[in-house]
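Welcome! Please take a moment to look over the sequence and the structure before reading on.

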Amino acid sequence: MTKAELIDSVYEKVGGFSRKESAEIVEEVFMIMKEVLANGSKVKISGFGNFVVRDKQQRVGRNPQTGRPIEISARRVLTFKPSQVLKEVLNPDRTEEDVGENTLSAF
Amino acid sequence: MTKSELVEAVAKNRDVSKNQAESVVNCIFDAMLAALEHGEGIELRGFGTFSVRKYNAYNGRNPKSGKVVSVPEKRLPFFRVGKTLKALLNSE
């Protein structure tokens, strides 16, 4: 699925928007999310999942080809934590217990 | 930011009603959820990509009790951040 298909869905299902307006509003949704994440805040979409920015400290890694230690600079990374709903949708045959937060399968 | 705050921001920036903005935001995430449900990946230029990974069943341990538990096979969504957003996160 691409952004163009998302724009089509909005155009067809929401109604009231031209194709151009649908494209602009979909762009706006992701633009806002990007700005919020760029500020270091998280974005929580109930029923889908959370986008969380994490600060990573500087650490020493290794060049896997040469085995030489190299310094990996401090950086920010973005992680996505799927919601319980999304996990259940992907695993419809499993019981709630199986996909529960407190069981190993949550990892 | 929560989904309702996202809805408010979209409504304000695009000068549409909150109801319309909410329908758009719901439509987007419903469509994304459906794509993942069908095992389809999602590619959003500048933001990132989502894919579905299948994990085989394995025996794990409860980290608290140390007891062996069997973990059935499962599918999990996987998100990879896009280049533009990655650069934005580290732009200071």
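Predicted model: local features only at pLDDT ≥ 70, side-chain atom pairs only at ≥ 80, totals over all residues.

**Chain B as a whole**
- Chain B contains three helices and five strands, and from the N terminus on they follow the order α-α-β-β-β-β-β-α.
- The radius of gyration of chain B is 19 Å, whereas a compact globule of 92 residues would have one near 12 Å.
- Along its principal axes, the C-alpha trace of chain B spans about 55 × 35 × 30 Å.
- Buried residues make up 35% of the 92 residues of chain B.
- About 5,600 Å² of chain B is accessible surface, and carbon and sulfur atoms account for 46% of that.

**Helix 2 of chain A**
- Helix 2 of chain A covers residues 19-38, which is 20 residues.
- From first C-alpha to last, this helix reaches 29 Å, close to the 28 Å expected at 1.5 Å a residue.
- Its buried residues include Ile25(A), Val29(A), Phe30(A) and Leu37(A), and Glu28(A) and Lys34(A) are also among them.
- After the helix comes Gly40(A), with a positive phi near 95°.

**A closer look at Lys3(A)**
- Lys3(A) sits in helix 1 (residues 3-14) of chain A.
- Is Lys3(A) buried or exposed? Lys3(A) counts as buried because its relative accessibility is 15%, and the cut-off for buried is under 20%.
- The side chain of Lys3(A) makes a polar contact with the side chain of Glu27(A), at 3.3 Å.
- A polar atom of the Lys3(A) side chain also lies 3.3 Å from the backbone oxygen of Arg45(B).
- Leaving aside neighbours within four places in sequence, Lys3(A) is in contact with residues including Val26(A), Glu43(B) and Leu44(B).

Conventions. Residues numbered from 1 in each chain as written. Chains lettered and ligands numbered in written order. Heavy atoms only, no water. Helix = DSSP H or I, 4+ residues; strand = E, 2+ residues; numbered from the N terminus. Expected span 1.5 Å × (residues − 1). Buried < 20%, exposed > 50% of the residue type's maximum accessible area, 1.4 Å probe, protein only. Polar contact = N/O pair within 3.5 Å; in protein donor to acceptor, adjacent residues only side chain to side chain. Contact = heavy atoms within 4.5 Å. Rg over C-alpha atoms; globule rule 2.2 N^0.38 Å. Areas by Shrake-Rupley, 256 points an atom, 1.4 Å probe, with all protein chains shown as cover.
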